[in-house]
Structure formats: C-alpha cells, structure tokens
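Hi there,

Here is the structure I promised to pass on to you. Have a look at it first, and then read my notes below.

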Amino acid sequence: VLDTVRVSAQRLYTSGRTADFERRLRSGLGHVIDENEIEKRKPMVLTDLLRTVPGIQILPGKRANEDIYMRGGQAILGGGLCRPDIRVDGVQVANDELFPVNSIVGVDEIRAVEVYAHASMLPTEYQTLSGCGVIAIWTGARKK
C-alpha cells in the first residue's frame with residue numbers, strides 16, 4: 001500500500017483574455033488600474049476611478065451625469081476632445097451623451113481597467129476608426 005500523493009499546480013492563465021491582458025500590462029503602453037488599486041481608492045462610480053488617469057477629462061454631462069473625454073481623434077468638443085471607445089469584457093459599448101457612463105457597469109463589478117489615452121498607444125486589438133483612445137473595463141470578482 002502506497003501513501004497518498006498530493007499534487008498541486010497553479011494555472012498561469014485562466015483564459016485567452018487573461019493572457020492578452022497580461023501581455024498588454026507588460027507592454028507598459030497604457031494605464032492600468034488593477035483590483036488592488038480599486039480596493040485602495042474605494043470609488044463610488046466608474047468616473048471616480050478614471051478622474052486621476054493622465055489623458056482623461058471628466059466633464060459634466062447634459063443629463064446631470066458625467067462624461068468621459070480624451071484629446072485627439074475626431075474632436076467633438078472644443079479643445080480637441082473626443083469620446084473614447086469603451087469596452088466591457090472585450091465588447092464595445094455606447095459612449096454617447098444620452099447614456100450615463102456611470103451606468104455601464106457597477107463599480108463593485110470592476111476587476112481592472114485599462115486606459116489608452118492616445119491612439120498611438122493602442123494595442124492592435126483596440127484600434128479604432130475614430131482615432132480616440134480606449135477604456136477597457138474587465139469585470140469579475142475581486143480578490144478580497
């Protein structure tokens with residue numbers, strides 16, 4: 001009779017999306033807010049997380065809300081401001097003046113945020129026709 005042998009291993013990547021996220025993180029091109037930073041900041045809404053990110057401007061919206069802008073691209077406001085593409089778990093969502101940006105996803109659901117404030121910094125998978133930047137939001141349970 002042999003003794004029981006316990007084998008344990010740690011998976012490096014849980015999915016292709018996680019591997020892509022890690023690759024973009026290592027590239028150093030964008031600004032990443034990870035789950036540790038989210039826990040430290042204790043934001044109430046998405047724009048609370050983005051307020052201090054270089055290249056982002058949070059301005060009052062038309063419907064008593066806030067809107068997110070970046071410089072460059074196809075400017076829609078004076079001063080060369082444009083609306084960045086917003087993606088949640090890889091899927092592009094609306095970012096227009098009629099939809100409250102803080103309603104896109106609850107802050108307690110956000111696991112990480114990637115911000116690419118300049119079109120020249122965009123990873124291949126985030127290239128846009130507008131020439132504006134991209135905000136990628138990743139959801140899921142955060143480690144406590």
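**The β5–β6 hairpin and what surrounds it**

Let's start at a turn: in the hairpin formed by β5 and β6, two residues lie between the strands, and D89 there has a positive phi near 50°. Strands here are DSSP runs of E with at least two residues, while helices are runs of H or I with at least four, and both are numbered from the N terminus. Before going further, please keep in mind that this is a predicted model, in which local features need pLDDT of at least 70 and side-chain atom pairs count only at pLDDT 80 or more, while totals for chains, interfaces and linings use all residues. Residues are numbered from 1 along each chain as its sequence is written, and side-chain values use heavy atoms, with hydrogens and water left out.

Which way do the residues of β5 point? D85 and R87 point one way, I86 and V88 the other, and all are buried, meaning under 20% relative accessible area with a 1.4 Å probe and protein chains only; over 50% is exposed, and in between is partly exposed. In a regular strand, side chains alternate between the two faces of the sheet.

Now zoom out. The open sheet has five strands in the order β1-β7-β8-β5-β6, with mixed pairing. β1 (31–33) and β6 (91–93) are at the edges with a single partner strand each, so one side of each has no neighbour in the sheet.

Next, the inside. The largest nonpolar core has 24 residues, of which L50, I56, I68, I110 and I135 touch the most other members. Such a core is a set of buried Ala, Val, Leu, Ile, Met, Phe, Trp, Tyr and Cys residues joined through side-chain atoms within 4.5 Å. Leaving aside neighbours within four places in sequence, I56 is in contact (heavy atoms within 4.5 Å) with L50, I68, Y69, M70, V115 and I135. A second, separate core of seven residues includes Y116, Y126, V134 and A136.

Finally, L59 lies in β2 (residues 56–60) and is partly exposed, at 26% relative accessible area.

Enjoy exploring!

Notes. Pairing = 2+ DSSP bridges.
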